[in-house]
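This report covers a few local features of one protein chain.

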Amino acid sequence: MNPTIKVLVVGCGNMGASHATAYHYMPEFEIVGLVARGDSKVKLNKKLGANYPLFDDFASALRQTKPDAVCISTYPDTHEDMAIAALEAGAHVFIEKPLADTVEGSQRIIDAAVKANKKVVVGYILRHHPSWERFILEAQQLGKPLVMRMNLNQQSHGFMWDVHKNLMASLSPIVDCGVHYIDVMCQMTRSKPISVAAIGAKMTNEIPDWNYNYGQLQIRFDDGSVGWYEAGWGPMISDNAFFIKDVFGPKGAVSIVAKNAGAAGKSDDVDSHTKTESIKVHYADLDEKNHFTKKDFWIDMTDEPDHQGLCDREQQYFLRAIRENIDLTDHLQDALNSLKIAFACDESVKTGKMIYLD
């Protein structure tokens, strides 16, 4: 019988709490500590009805608990140091996206994982979402080139505006959030991105001078496909048309139509961000009078897993990666690739130039 995997949870905010909840109910894991600087760890312990050891300092927690695995859901500028320390201590790592706040730091984590012969799984939640898997599959049936249109603007206020301001101390919205959708575009086209161009605007003095809280990126692929992604954070962001997930090609179009999750007032609701509810497939076939010959096809996805269910799936994959010794080379290279593209977009915003990719 396999021994229980002792896991140290670092970061107890939105994502950290969801991952801790998954571990709490999975008999294969044993939480040996919750780490956070504030009182989120206390609230999480209470929510779980647990009495897990609490720590303010990651290094002390790592040293005292000697975990088999570490779950990192802190701000991106802490990822590199924490992940490498965990790997060097002999622990597997689950880490929220992006892998690190630099491409070089991400590569150092990958190198450390290889050296330690340990698993690193990056939290690309959409890769575990059956509705997004179907969305990508349907897009791949549309022929080439593809036109991919996506956004996730968030009219954040209250607690979420604090979260976003903290994130923007190290990354822009199109890097932090955009890596998900860049990864999706790469899966849809299965083609090499060749150039990016992006624009951005700083609409608040509450973030660093070098950063911006609205951005829009464009990617060109070598098969002729193109895609754009838009992300804005803050109380001034419009919540009109904030949730667009739409792809079209020579044979038709496929769109996520989330009438409830995409409703006004839900743009900064984390639980709504992964909702699809339904997928609309449109066929471009015409008759001799240029009338459509097929009706649009609707795929009902209302039984999709909720946000917690998706986090549960991520941790099931982490468990399998450890227990079944899954080769994560491609997984990590995909995470690195999407981050490289996102940072190229960031460079384009700051230089005003198109960036050509290797």
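Is the crossing of α6 and α9 left-handed or right-handed? In this predicted model, the crossing of these helices is right-handed.

**Helix packing**

Helix α6 covers residues 130-139, and its axis lies 9 Å from that of α9. The angle between α6 and α9 is about 40°. An angle of that size makes α6 oblique to α9. On the α6 side, the contact is made by Trp 132, Phe 135, Ile 136 and Ala 139. On the α9 side, Tyr 181, Val 184, Gln 187 and Met 188 take part. By class, the residues of this contact divide into seven nonpolar, one polar and no charged.

A second pair is formed by helix α4 (residues 79-88) and helix α5 (residues 103-116), which pack at an angle of about 5° with their axes 9 Å apart. Angles under 35 degrees count as roughly parallel, so α4 is roughly parallel to α5. Helix α4 contributes His 79, Glu 80, Ala 83, Ile 84 and Leu 87 to the contact. From α5 come Gly 105, Arg 108, Ile 109, Ala 112, Ala 113 and Ala 116. The contact of α4 with α5 has seven nonpolar, two polar and two charged residues.

The table sets out the packing values for both pairs.

| Helix pair | Angle | Axis separation |
|---|---|---|
| α4 and α5 | about 5° | 9 Å |
| α6 and α9 | about 40° | 9 Å |

**Annotated span**

UniProt, in an unreviewed entry, lists residues 5-124 as "domain: Gfo/Idh/MocA-like oxidoreductase N-terminal". In the model, this span is 44% helix and 23% strand. The C-alpha atoms at the ends of residues 5-124 lie 22 Å apart.

**Two single residues**

Asp 183 is found in helix α9, which runs over residues 178-189. Why is Asp 183 classed as buried? The relative accessible area of Asp 183 is 3%, and buried means under 20%. Leaving aside residues up to four places away in sequence, Asp 183 touches Tyr 124, Arg 127, Asp 334 and Ser 338.

Ala 169 sits in the loop between α7 (159-167) and α8 (173-176). With a relative accessible area of 46%, Ala 169 is partly exposed. Again not counting residues up to four places away in sequence, Ala 169 touches Pro 208 and Trp 210. The C-alpha atoms of Ala 169 and Glu 206 are separated by 9.8 Å, and these residues are 37 residues apart along the chain.

Terms used:
Residues numbered from 1 in each chain as written. Predicted model: local features only at pLDDT ≥ 70, side-chain atom pairs only at ≥ 80, totals over all residues. Heavy atoms only, no water. Helix = DSSP H or I, 4+ residues; strand = E, 2+ residues; numbered from the N terminus. Buried < 20%, exposed > 50% of the residue type's maximum accessible area, 1.4 Å probe, protein only. Contact = heavy atoms within 4.5 Å. Axes fitted to C-alpha atoms, helices over the stretch in contact; angles between N-to-C directions. Parallel < 35°, antiparallel > 145°, perpendicular 65-115°, else oblique. Nonpolar A, V, L, I, M, F, W, Y, C, P; charged D, E, K, R; others polar. UniProt positions renumbered as here; feature names shortened; annotations may be inferred. Left-handed = near helix turned anticlockwise from the far one by under 90°.
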